[in-house]
Amino acid sequence: MSARDDQQLIERSAAVARDVAQQERERSDAAIASVVLDRLELGTTDTFEVHDPATGRVIATPADHSIDDALVALARADAAGRAWARTTARQRSDVLHRAYGLIIEQKDRLARVITREMGKPLAEAYGEVQYAADYVRWYAEEALRPAGNYRENPAGGSTILTTRAPIGTTLLITPWNFPMAMATRKIAPAIAVGCGAVVKPAALTPLTTLVVAEIFVEAGVPAELVQVVTTTDASGFSKALMADARVRKVSFTGSTGVGSVLLGQAAKHVIKSSMELGGNAPLLVFDDADLERAVEGAVVAKLRNGGQSCVAANRILVQSGIADAFVEGFTERMRQAVLGNGLAEGVTLGPVIDDRAVSSFSRLVDDAVAKGADLRTGGAAPEGDGHFFEATVLDRVPDDAEIANTEIFGPVAAIARFESEHEAIERANSTPFGLASYVFSQDIDRALNIADQLDAGMVGINQGIVSNVAAPFGGVKASGLGREGSGEGLEEYQEIRFYNLGRR
Ligand code: NAD
């Protein structure tokens, strides 16, 4: 090929790339334009701005609901819930199955809304849509298997029959990092058992939840059963609703600080509470780990969702014998992350949620380096629009660095080294948190023995992912109360009732 042919080829592929980008922009604009910005339809005129973290531009202005609006939403969900509780399990299951089908049919729209409001690369947004849909399908199936029990009174004279009843009206508060999965993980079990719900998404990412609610209604969920309240007054909202005795259950995913406030508020009316709170996951790599698996697992556990995940590997602790090779391989893989707008082809690391996050990563990196950490790659926030931070690796992070003692929530990896198993366990357990942890060792007995000693609700063994609809997701210590997903997640929305059947 001549130089001219080469040049033509380059120009043609650049033109194709421009066309693809233009089409993608149009499709994502159409997805955003399709969102109904006020599902309560109470005539609210106040609005707030939702921004695209990749550009900083305003993409939508949903209704900013007042406390009075929220109380109307509660009254509606409460009334609709009473009727819904009398439907059969089969009816509720059928509706959820239809919702699953509609979500899959509308996955292109949903994925684009997620990427535009939250920033994650489109491929990951598709992953979240499937993960979120899987909760809906799982609870469509679980709805049909209501747990119950009976046993004879050991003293005779009666039979003890145990059933589970819907708990009543639920308050569901979700964070911005998985706007769809965190919503369906709560809404689907509530619907499955027969509860009404008031849902409050994070003000940074309310749009996905609005689409999810629309889909549930299209699937046959009564319009008033699931009420989405979009508001910037999160604390006023929870104060008013948690003080209302109609709320019988609160399920919250977010920071430990807010979770503690809600638990305090729950005390007044003794509201059953599920709290999925902050994490500080240790990822332990032992000398006998399969190096490639450990590197891949650590990259997934660090970079999934741009590191903005409560189960993200927060402290990567590596045994000294394998540490140099691990750091080499891990740094190489982190360098391969392609940073950019999540809508663009080939991007694997999107923007972070806001400027506050960018400043916090810069501060953590500077502090760690000042205290002696070795910056292996990244460390900077590129100039320009949007909120971006490079995939970053810090090695030999000292214990007194701030990054070693805080939830990072971004694409910055902090590596420290250890000598013995005992030291690894001590360090892993040395925080107030206990959500996820990860262990890499080819000796399965060793891995399990160590896993048993970790303060954690979930342990990934030789893999960097713990999330699964069939597994009970949740933490210990300051990471929370209760579980979501699996059969345990359904029970969070039920009361146990027992009937003492007298026998002669
Ligand atoms: P956040 O606590 O700031 O916000 C979570 C939700 O609570 C949002 O809807 C927010 O509007 C609302 N909120 C804020 N203040 C409130 C108040 N005073 N009363 C009632 N609601 C209030 O958390 P975030 O920044 O959105 O999310 C990040 C945090 O969430 C991290 O700590 C992360 O680890 C945690 N998280 C935990 C899980 C889990 O399953 N354990 C999953 C995702 C995120």
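Biologist: How far apart are the end C-alpha atoms of residues 45-497, and what share of the span is helix or strand?

Modeller: Those end atoms lie 44 Å apart, and the span is 41% helix and 19% strand. Helices (H or I, at least four residues) and strands (E, at least two) are DSSP runs, numbered from the N terminus. This is a predicted model, in which local features need pLDDT of at least 70 and side-chain atom pairs count only at pLDDT 80 or more, while totals for chains, interfaces and linings use all residues. Residues are numbered from 1 along each chain as its sequence is written.

Biologist: Which annotation covers residues 45-497?

Modeller: An unreviewed UniProt entry gives "domain: Aldehyde dehydrogenase" for residues 45-497. Such annotations may be inferred rather than shown by experiment.

Biologist: Why are α2 and α8 called oblique to each other?

Modeller: Helix α2 (residues 67-84) and helix α8 (residues 234-242) pack at about 45 degrees, with axes 10 Å apart. Angles under 35 degrees count as roughly parallel, over 145 as roughly antiparallel, 65 to 115 as roughly perpendicular and the rest as oblique. So α2 and α8 are oblique. Their crossing is right-handed.

Biologist: Which residues make the contact of α2 and α8?

Modeller: Ile67, Ala70, Leu71 and Leu74 of α2 meet Gly236, Phe237, Ala240 and Leu241 of α8; contact here puts C-beta atoms, placed from the backbone, within 7 Å. By class, that gives seven nonpolar, one polar and no charged residues. Ala, Val, Leu, Ile, Met, Phe, Trp, Tyr, Cys and Pro count as nonpolar, Asp, Glu, Lys and Arg as charged, and the others, Gly among them, as polar.

Biologist: What makes α4 roughly antiparallel to α7?

Modeller: Helix α4 (residues 107-118) and helix α7 (residues 207-219) pack at about 160 degrees, their axes 9 Å apart. That angle therefore makes α4 roughly antiparallel to α7. The crossing of α4 and α7 is left-handed. Leu110, Val113, Ile114 and Glu117 in α4 touch Leu207, Thr208 and Val211 in α7. These residues divide into five nonpolar, one polar and one charged.

Biologist: How is the chain divided into domains?

Modeller: An automatic or database assignment sets the bounds: domain 1 is 22-277 + 480-497 and domain 2 is 281-461. Their C-alpha centres lie 30 Å apart. The contact takes 15 residues from domain 1 and 17 residues from domain 2. On the side of domain 1 that touches domain 2, α1 (3-33) and α5 (122-142) each supply at least two residues.

Key:
Axes fitted to C-alpha atoms, helices over the stretch in contact; angles between N-to-C directions. Left-handed = near helix turned anticlockwise from the far one by under 90°. Contact = placed C-beta atoms within 7 Å.
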